[in-house]
Amino acid sequence: QEEVRVPRVPHDPGRPTRKELLEHLPLHWPFRSWCRHCVRGRGVASPHKARTEDDREFGRGRIPTLSMDHCFLGSKDNDESAHENPFLVLYDNETEAIFAIAVSSKSTAKPWIVEYVKNIIHELGYGELKIAIKCDQAKELQELRRAVANSRTSPTVPLDAPVRESKANGAMEKAVRTWAGQFRSFKSHLEYELKSEIPLHYPVLQWMAWWSAGIFNRYAVRHH
């Protein structure tokens, strides 16, 4: 019987080691091209980029600004579901922190949502400071901004994002993309493990909206 020396096969650099898998799967951050859930959630490249001079300019020498917008993750193939189960996403221009919660409808001026935004403001250390809140022309966001401003004792300056000028609100749009990609990656991973699609209104996904932002705030390394 002939014998053979077993060759030492080097590790394929395109595949993760067990250590890399164990480190990556709990967070799905940063983006990894070998992770099917990162690719499904964020495409073929990481959504996080260094802030541009245009992104930084607004924060220089001015008051802290909290931007907010709605994000819809329903099916684009279905007009009814495309705008169901919206999420409210907040972005702080000073710390680059992202916050997100699931809201039952675009009517976001409900007392508990106003209280949530106020708690975020206090968490950021702005409770007693003059701040600005920036949003687009959507009636629901404007109502929420007024309700938050009326509930604060410190001044709140309203700022409107220009219509159809994404560059003027580029940092916020980038924050929404970053959060949405992280959320989709987690959702893809969970559905893969359960072998079942999870509707967006399920409580676990409402929790996941909060945690997807928390991952970024706690573990992402900012490069200014």
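Let's start with Gln-142, which counts as buried because its relative accessibility is 15%. Buried here means under 20% relative accessible area, exposed means over 50%, and partly exposed is in between, with a 1.4 Å probe and protein chains only. Before I go on, a word on what you're looking at: this is a predicted model, where local features need pLDDT of at least 70, side-chain atom pairs count only at pLDDT 80 or more, and totals for chains, interfaces and linings use all residues. Residues are numbered from 1 along each chain as its sequence is written, and side-chain values use heavy atoms, with hydrogens and water left out.

So, back to Gln-142. You'll find this residue in helix α6, residues 139-151. What does the side chain of Gln-142 reach? It reaches the backbone oxygen of Asp-136, at 2.9 Å. There is also a polar contact of 3.1 Å between the side chains of Gln-142 and Arg-145. A polar contact is a pair of N or O atoms within 3.5 Å; within protein, one must be able to donate a hydrogen and the other to accept it, and residues adjacent in sequence count only if both atoms are side-chain atoms. Leaving out residues up to four places away in sequence, Gln-142 touches Cys-135, Asp-136, Gln-137 and Asp-160, where contact means heavy atoms within 4.5 Å.

Glu-143 is in helix α6 too. Its relative accessibility is 30%, so Glu-143 counts as partly exposed. Glu-143 and Lys-110 are 33 residues apart in sequence, and their C-alpha atoms are 9.7 Å apart in space.

Now for helix α5, residues 111-123. Its 13 residues should span 18 Å at 1.5 Å a residue, and the end C-alpha atoms are 18 Å apart, which agrees. The expected span is 1.5 Å times one less than the number of residues. Which residues of α5 are buried? They are Ile-113, Val-114, Tyr-116, Val-117, Lys-118, Ile-120 and Ile-121. An α-helix has 3.6 residues a turn, so residues three or four places apart point the same way. The buried residues of α5 pack against β1 (65-71), β2 (87-92), β3 (98-102), β4 (131-135) and α6. After α5 comes Gly-125, with a positive phi near 90°.

Let's move to the cores. A nonpolar core is a set of buried Ala, Val, Leu, Ile, Met, Phe, Trp, Tyr and Cys residues joined through side-chain atoms within 4.5 Å. The largest one has 27 residues, and those touching the most other members are Cys-71, Leu-73, Phe-87, Val-89, Ile-98, Trp-179 and Phe-183. Two or more residues each come from β2, β3, α7 (170-194) and α8 (203-219). Helix α7 gives the largest share, 8 residues. Another core, of 22 residues, lies apart from this one and includes Leu-66, Ala-97, Phe-99 and Val-117.

Helix α7 is mostly covered, with 18 of its 25 residues buried. From its first C-alpha to its last, α7 reaches 36 Å, close to the 36 Å expected at 1.5 Å a residue.

Two backbone angles are worth a look. Most residues other than glycine have a negative phi. Lys-195, which follows α7, is not a glycine and yet has a positive phi of about 55°. Lys-195 lies in the loop between α7 and α8. Is Lys-195 buried or exposed? Lys-195 is exposed, with a relative accessible area of 73%. The other one is Glu-96, with a positive phi near 65°, in the loop between β2 and β3. Glu-96 counts as buried, because its relative accessibility is 5%.

To finish, the whole protein. There are 8 helices and 5 strands, in the order α-α-α-β-α-β-β-α-β-α-β-α-α along the sequence. Of the 224 residues, 44% count as buried. As for confidence, pLDDT is the predictor's confidence in each residue, from 0 to 100. The average is 80, and 74% of the residues score at least 70. Over residues 44-61, though, the pLDDT is below 50, and this stretch has 32 contacts in the model beyond near neighbours in sequence.

How values were computed
Helix = DSSP H or I, 4+ residues; strand = E, 2+ residues; numbered from the N terminus.
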